[in-house]
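Take a moment with this protein before reading on. Follow the chain from its start, then come back to the text.

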Amino acid sequence: MKFMKLGSKPDAFQADGKLIRYVTSELDSDVIVKVGEVQFYLHKFPLLSKSNRLQKLVPKANEEKVVEVCMDDFPGGANSFEVCAKFCYGMTVTLNAYNVVAARCAAEYLEMTEDVDRSNLIYKIEVFLNSSIFRSWKDTIIVLQTTKPLLSWSEDLKIVGRCIDSIASKTSVDPANISWSYTYNRKLAEPDKIIEEGINYRDKMENIPRDWWVEDICELDIDLYKRVMIAVKSKGRMDGAVIGEALKTYALRWLPDSVDALISDDHALRNKSLVETIICLLPSDKGVGCSCSFLLKLLKVSTLVGADESLREVLVNRIGLKLPEARVGDLLIPARSPQITIYDVELVQSIVNRFVIHEKSNWDLDVVRKNEKGTDNFILGHGSLVGVGRLIDGYLAEIAHDPNLNLGSFIDLSQLLPELARPIHDGLYKAIDIYLKEHPSLTKAERKRICGLMDVKKLTMEASMDAAQNEQLPLRVVVQVLFFEQVRSSAAARSLNNHPSDASHSTTNLDEECDKTAEENCKPLGKQLSQMKVSAELQKTGKLGKKNSKNSRSGVQLLPSRSRRIFDKLWSVGKGGHGENKSSETSGSSQSPTSIVPGDSKFVSSRHRRHSIS
């Protein structure tokens with residue numbers, strides 16, 4: 001820390017209790033200066049020789065031998081006046097970053113200028129500030145912190161502005177040229193680690209991280225921090241990612257971890273101001289800077305402390321652009337009254353909606369790329385969409401445990417994403433399964449409605465086997481699962497028979513074969529079963545036996561007893577007098593619904609794609 005010593009005489013100030021201070025001298029005191037409650041018994045000559053203000057005040061006092069002067073509004077109080085008084089007496093005074101601001105304000109109050117005496121206190125302090133303090137990184141920050149109790153005086157004397165400009169300028173310096181000390185307690189990434197042995201000073205300096213400055217300025221109050229960050233950004237040399245790291249570090253430093261501490265009456269207003277300020281300081285480039293996880297934490301805090309609605313809207317828009325980076329836990333934002341759910345589902349719906357709008361703006365370009373480069377490249381280009389699909393399915397599985405979550409909110413959120421987001425429906429099936437188990441009071445129609453979100457053709461083998469024995473699912477859904485699993489097995493066997501020497505080609509065309517087989521078999525259920533070569537086995541045993549053909553062996557042989565009973569009943573109905581009509585009704589449900597995006601004609605409602613059988 002930089003310091004400056006003034007004067008050469010020994011310190012002769014003494015204290016008589018807490019409220020009386022005097023100078024030990026052979027001469028009696030002839031002036032009493034009252035600063036607040038403290039009285040200073042001093043001498044006129046040394047004081048008047050340095051202070052223009054005291055020259056004005058003393059003659060106006062009484063003509064008695066001892067003159068009293070009151071200065072209740074003295075900046076910095078009794079301690080700063082004592083520094084000025086010692087300077088007047090020529091006694092040793094030490095100035096440093098902690099007391100220089102108060103001394104400078106006190107000297108200004110006493111008008112200790114060059115007009116009164118050469119090399120007066122104001123001049124000496126200004127030299128110290130400009131030559132030492134403002135050239136020191138940490139001293140400048142300390143001085144800026146000490147301006148808070150004397151903010152009005154410090155603003156008038158431009159101490160605050162000069163501190164901020166000095167700090168902002170140093171943050172813009174090339175890290176390789178930094179020679180001053182700084183605080184950096186965060187764990188360095190592996191490429192940034194510095195090997196102490198066998199490395200010269202120049203090489204070490206080149207490994208200084210770009211965000212070396214963010215921890216030191218975290219000690220500033222939010223108002224001063226805001227002004228520093230605005231100055232840093234105005235320089236135009238700071239990368240948005242570093243700005244984001246600085247804001248994240250400050251938020252971690254000052255925002256409490258617990259929800260109770262966050263919304264407590266003692267700190268609610270402070271936390272609200274802090275969050276709103278950080279949101280205002282976010283990098284202008286929405287695509288870089290802050291991670292999605294950090295933005296979601298800000299949104300969570302801003303929701304809890306009741307931050308301004310427009311600022312929360314800013315966060316929602318930014319998060320929508322970076323949603324593929326999010327995790328399920330980040331989206332679990334507690335709901336506030338009057339909401340009765342555990343988590344704020346409406347807020348997540350807004351975020352997903354922003355993401356979908358942003359993605360749709362790029363879909364036209366993607367269609368062009370599809371035509372130019374083929375379907376595979378088109379699908380790969382939607383990796384972020386698929387990632388968000390998995391994210392939302394995971395979120396649905398979490399909120400499905402909430403007994404107060406209504407069916408409409410669950411369905412609305414799941415339908416916000418288009419079909420491309422869910423090439424596989426295992427995650428959606430898991431969420432639906434959890435919701436059905438946690439909400440046993442759902443009506444039959446409601447169960448059909450929520451299961452209509454799922455396309456059984458997009459379930460993997462493991463999910464299909466689980467769904468086939470799931471007692472929570474409606475009968476129609478179980479039939480769909482069994483039928484399409486049989487179709488898939490049949491298509492796989494057909495593909496292998498057509499191309500016995502080319503396994504890779506068979507795998508590639510499996511989905512095409514499955515769709516083709518499904519289209520061919522969308523007829524009355526009795527005919528479907530005969531086409532799949534299982535009618536003979538059903539007529540003999542009433543169930544799927546071990547002697548099934550290769551087309552059905554892999555998909556149906558392992559099905560549970562409930563699934564076999566369903567096939568038994570369907571087959572017996574198919575043989576009856578009205579079997580054809582009833583089986584036609586059943587087969588109408590074989591085409592599974594897909595997700596619906598409002599306003600998109602590609603996504604058709606499930607009610608238009610299948611008929612009820614129960």
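How much of the contacts with a separation of 6 or more comes from residues 24 or more positions apart? The share is 70% in this protein, where contact means heavy atoms within 4.5 Å. The model is predicted, so local features need pLDDT of at least 70 and side-chain atom pairs count only at pLDDT 80 or more, while totals for chains, interfaces and linings use all residues. Residues are numbered from 1 along each chain as its sequence is written, and side-chain values use heavy atoms, with hydrogens and water left out.

Start with the overall make-up. The protein has 31 helices and 7 strands. These are DSSP runs, numbered from the N terminus: helices (H or I) have at least four residues and strands (E) at least two. The protein has 614 residues, and 48% of them count as buried. Buried means under 20% relative accessible area, exposed means over 50%, and partly exposed lies in between (1.4 Å probe, protein chains only). The accessible surface comes to about 31,000 Å², and carbon and sulfur atoms hold 50% of it. Such areas come from the Shrake-Rupley method with a 1.4 Å probe; for residues, only the protein chains shown count as cover.

Pro-10 lies in the loop between strand E1 (3-6) and strand E2 (13-15). Pro-10 is exposed, at 66% relative accessible area.

Next comes charge. Side chains of opposite charge can pair when their charged atoms come close. A salt bridge is a side-chain nitrogen of Lys or Arg within 4 Å of a carboxyl oxygen of Asp or Glu. By this rule the count is 19. In one of them, Lys-86 meets Asp-11 at 2.8 Å, N to O. This pair links distant parts of the chain: Lys-86 is in helix H3 (residues 77-89), Asp-11 is in the loop between E1 and E2, and 75 residues separate them. Lys-86 is buried at 13% relative accessibility, whereas Asp-11 is partly exposed at 42%. Both belong to a network of salt bridges that also includes Arg-21 and Glu-82.

Another salt bridge joins Arg-227 and Glu-155, with the closest N and O atoms 2.5 Å apart. Arg-227 is in helix H10 and Glu-155 in helix H7, 72 residues apart. Arg-227 is partly exposed at 33%, and Glu-155 is partly exposed at 30%.

Lys-235 and Asp-165 form a salt bridge as well, at 3.4 Å between the closest N and O atoms. Lys-235 sits in the loop between H10 and H11, Asp-165 in helix H8, 70 residues apart. Lys-235 also touches Ser-172. That serine is in the loop between helix H8 (159-171) and helix H9 (201-206). Ser-172 is buried, with a relative accessible area of 17%. Its contacts beyond four places in sequence are Lys-235, Arg-237 and Met-238.

Which aromatic rings meet? Rings of Phe, Tyr and Trp (its six-membered ring) pair if their centres lie within 6.5 Å; planes under 30 degrees apart count as stacked, over 60 as edge-to-face and the rest as tilted. The count by this rule is 12 aromatic pairs. Tyr-225 and Tyr-250 form a stacked pair, with 3.9 Å between centres and 20 degrees between planes. Tyr-225 lies in helix H10 (residues 222-234) and Tyr-250 in helix H11 (residues 240-254), so the pair ties together parts 25 residues apart in sequence. Both tyrosines are buried.

One aromatic cluster is made of Phe-40, Phe-74, Phe-81, Tyr-109 and Trp-153. Arg-53 lies over the face of Tyr-109, 4.0 Å from the ring centre. For a charge to sit over a ring, NZ of Lys or CZ of Arg must be within 6 Å of the ring centre and within 35 degrees of the ring normal.

Finish with the backbone. Ser-337 and Pro-338 are joined by a cis peptide bond, with omega about 10 degrees. Pro-338 lies in the loop between helix H16 (328-331) and helix H17 (345-373). Ser-119 is not a glycine, yet has a positive phi of about 55 degrees.
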